[in-house]
Amino acid sequence: MDSATSDPAVTDPRPLLRASADNGLKIVVVGGFGVGKTTLVRSVSEIRPLSTEETMTRAGEALDDVSAVRDKNATTVAFDFGRITLDARNVLYLFGAPGQERFWFLWDRLFTGALGAVVLVDTRRLDDSWYAIDRLEQHGTPFVVARNDFGGQDFAPQDIRDALDLDPDVPLVHCDARARSSSKRVLIALVEHAKHRYRSSRPRPRSYDGQVPARHKELPL
């Protein structure tokens with residue numbers, strides 16, 4: 001999928017990268033080859049994203065399965081990078097990982113220190129999502145699964161969950177990676193999920209009698 005920002009001849013009105021904020025929160029976008037990771041980063045980044053796309057050649061056809069993405073003419077060979085400012089002190093840094101199997105060795109490095117990850121999937125090629133989900137589960141990294149809209153057959157959410165064997169607490173969201181508003185909703189879902197995971201994992205304070213206190217108590221009058 002191509003993004004409207006992918007044409008270098010088009011003037012990009014988004015600002016250049018400003019000075020770093022106090023807190024940088026890292027999000028990784030992973031998934032199979034050609035599922036729209038670069039497009040999502042481009043659509044939602046407030047800056048002109050750093051992209052490491054290279055033109056695909058016939059030599060690469062022996063290494064990558066391009067049968068489902070015949071219109072794709074470029075591919076990420078390192079990672080994509082974008083940025084979203086949350087407020088004066090906090091920013092999100094977006095890293096789009098390459099999807100080809102020969103670049104999977106980069107993923108573990110990208111997962112290190114990440115707030116969470118988006119697993120972008122194409123329902124026509126769900127098998128391409130297994131490695132990403134497996135690695136994230138092994139790392140213990142919070143993640144959401146985003147079904148990118150390629151205009152194919154529509155599947156019930158539970159059918160997709162069953163096919164991917166997703167845990168019930170993993171959010172499954174629909175998105176159009178070309179649309180900024182849709183990509184933003186995916187990131188919001190991830191941040192909310194990561195926040196819930198963090199709060200659930202924190203030990204709750206105990207009262208002096210060894211019991212977990214109620215979250216709220218009325219003060220005596």
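**Exercise 1.** Leaving aside its neighbours within four places in sequence, with which residues is Val-30 in contact?

*Solution.* The model examined here is predicted. Contact requires heavy atoms within 4.5 Å. With neighbours within four places in sequence set aside, Val-30 touches Lys-37, Ala-97, Trp-107, Phe-111, Val-118, Val-119, Leu-120, Ala-132 and Leu-136. Val-30 also belongs to the largest nonpolar core, which has 25 residues, and is listed with Val-119, Phe-143 and Val-145 as having the most contacts inside that core. Two or more residues of this core come from each of β1 (23–31), β5 (90–96), α2 (107–111), β6, α3, β7 and α4. A second, separate core has 18 residues, among them Val-35, Ala-146, Val-186 and Leu-190.

**Exercise 2.** Determine whether strand β7 (residues 143–148) is enclosed or open.

*Solution.* A residue is buried when its relative accessible area is under 20%. Phe-143, Val-145 and Arg-147 point one way from β7, while Val-144, Ala-146 and Asn-148 point the other way, and all are buried. Because six of the six residues of β7 are buried, the strand is largely enclosed by the rest of the structure.

**Exercise 3.** Identify the strands that pair with β7 and trace the chain between them.

*Solution.* First, strand β6 (residues 116–121) pairs with β7 in the parallel sense over five bridges. In this pairing, Val-121 has Arg-147 as its bridge partner. The chain passes from β6 through helix α3 (residues 130–139) to β7 in a right-handed β-α-β crossover.

Next, β7 pairs with strand β8 (residues 172–175), in the parallel sense, over four bridges. Here Val-145 stands opposite Leu-172. From β7 the chain runs through helix α4 (residues 157–164) to β8, and this β-α-β crossover is right-handed.

Technical notes: Residues numbered from 1 in each chain as written. Predicted model: local features only at pLDDT ≥ 70, side-chain atom pairs only at ≥ 80, totals over all residues. Heavy atoms only, no water. Buried < 20%, exposed > 50% of the residue type's maximum accessible area, 1.4 Å probe, protein only. Pairing = 2+ DSSP bridges. Right-handed = clockwise from strand over helix to strand, strands pointing away. Core = buried A, V, L, I, M, F, W, Y, C linked by side-chain atoms within 4.5 Å.
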